[in-house]
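Welcome! Here is a short briefing to read alongside the sequence and the 3D view.

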Amino acid sequence: MSTPTRTTRWRTPHRAARTLGAGNGSWCFTGAQVGELLDRFEPDLLWFDGQWERDESQWWFAELGEQIRARSPHTVLNGRLTGFGDYATPEQGLPITAPDGPWELCLTVNDSWGHQPQDHHHKSVRQLMRTFTEVIGAGGNLLLDVGPTADGTITPEQADRLLGLGAWIGRNRNAVYGTRAGLPPGHHYGPSTISADRRVVYLICFDAPREFVAVRGLRSTVRRVCVLGTGAELAHRVVGGFADVPVLYIDAPAALDEHATVLAVELDGELDLHRGNGHG
């Protein structure tokens with residue numbers, strides 16, 4: 001008598017997802033899967049999605065959050081696990097005002113998440129670089145999505161854009177790595193970053209400066225201004241200063257980066273900005 005062959009079928013959460021909130025069975029299914037991930041892999045981060053499809057009770061956010069905090073308190077959670085997230089995750093559009101606390105912009109290289117061969121609307125290197133610098137200038141991180149093919153290959157169009165963005169970062173690494181959010185709006189036309197010791201301000205210039213680059217309200221003494229990538233020093237001068245509202249004028253550089261030119265403003269001491277209203 002032959003022994004019947006046993007087959008193991010991979011169960012997907014699709015049916016459970018359609019019935020979330022219908023009863024304890026769906027919570028048992030979801031809770032067990034998350035618990036297995038925590039116990040077997042001890043993840044540093046869990047990235048949730050889909051909070052726009054159903055409300056918090058249907059996704060069992062409270063139960064999930066409490067389970068994760070109890071079993072793996074070190075695991076970082078993104079803000080889409082409403083009520084338990086450690087950082088915000090705005091998507092596709094750069095926020096006008098940076099979220100409070102840590103945040104990360106979720107952005108695609110083209111218009112799609114995952115591999116969509118019909119989507120040829122790829123963002124240019126310059127567009128990706130501008131978004132990247134605006135994000136870090138506002139204190140955020142950029143999560144940049146690519147869509148590999150079925151065998152894991154990143155398409156040439158997307159690879160070229162990653163390499164182009166990486167090359168710009170390589171030329172201007174001092175303005176990226178180890179820096180913090182830049183000057184508040186109103187001090188410089190464009191994003192900026194500040195070194196960890198607050199002694200260097202990196203001004204990011206998207207377009208070719210006409211005659212000068214200005215920084216308003218900078219009360220710190222400037223030691224030197226140079227162009228990242230070339231080291232070229234630029235002449236500078238302070239105009240005004242009445243009621244602590246000086247304006248730093250920096251001569252426009254002769255040689256420009258093809259995507260964005262970064263000026264390093266080295267200060268004699270920590271950054272000191274005037275943030276009030278001027279008066280006469």
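A disulfide is a pair of cysteine sulfur atoms within 2.5 Å. By that definition, a search of the whole structure finds 0 disulfides. Please keep in mind that this is a predicted model, in which local features need pLDDT of at least 70 and side-chain atom pairs count only at pLDDT 80 or more, while totals for chains, interfaces and linings use all residues. Residues are numbered from 1 along each chain as its sequence is written, and side-chain values use heavy atoms, with hydrogens and water left out.

**The chain as a whole**

- The chain has 6 helices and 12 strands; helices (H or I, at least four residues) and strands (E, at least two) are DSSP runs, numbered from the N terminus.
- Of the 280 residues in the chain, 40% are buried. Buried means under 20% relative accessible area, exposed over 50%, and partly exposed in between, with a 1.4 Å probe and protein chains only.
- Among contacts in the chain with a separation of 6 or more, 61% are between residues 24 or more positions apart; a contact means heavy atoms within 4.5 Å.
- The accessible surface of the chain is about 16300 Å², and carbon and sulfur atoms hold 51% of that. Accessible areas come from the Shrake-Rupley method with a 1.4 Å probe, and for residues only the protein chains shown count as cover.

- Cys106 is buried, because its relative accessible area is 1%.
- Cys226 also counts as buried, at 6% relative accessibility.

**An open sheet**

- Five strands form an open sheet with antiparallel pairing, in the order β5-β6-β7-β12-β9. Its edge strands, each pairing on one side only, are β5 (179–181) and β9 (222–227).
- Two strands pair if DSSP finds at least two bridges between them. Strands β6 (residues 192–195) and β7 (residues 200–205) pair in the antiparallel sense over 3 bridges.
- Within this pair, Ser192 stands opposite Leu203 in β7.

**Nonpolar cores**

- A nonpolar core is a set of buried Ala, Val, Leu, Ile, Met, Phe, Trp, Tyr and Cys residues joined through side-chain atoms within 4.5 Å.
- The largest one has 23 residues, and Phe132, Trp168, Tyr202 and Val262 touch the most other members. The elements giving two or more residues to this core are β3 (104–108), α5 (125–137), α6 (156–171), β7 and β12 (261–267). Helix α5 provides the largest share, 5 residues.
- Not counting residues up to four places away in sequence, Phe132 touches Leu142, Leu165, Trp168, Ile169 and Val176.
- A second, separate core has 19 residues, including Leu203, Cys205, Val213 and Leu273.

**A closer look at Leu203**

- Leu203 lies in strand β7 and counts as buried because its relative accessibility is 0%.
- Beyond its neighbours within four places in sequence, Leu203 is in contact with several residues, among them Leu183, His188, Ser192, Val213, Ile250 and Val265.
- Leu203 and Tyr189 are 14 residues apart along the chain, and their C-alpha atoms are separated by 8.9 Å.

**Two positive phi values**

- Most residues other than glycine have a negative phi.
- Gln92 is not a glycine, yet has a positive phi of about 70°. Gln92 sits in the loop between β2 (76–77) and β3, and is partly exposed, with a relative accessible area of 31%.
- Arg198, also a residue other than glycine, has a positive phi near 60°. Arg198 is found in the loop between β6 and β7, and at 26% relative accessibility counts as partly exposed.
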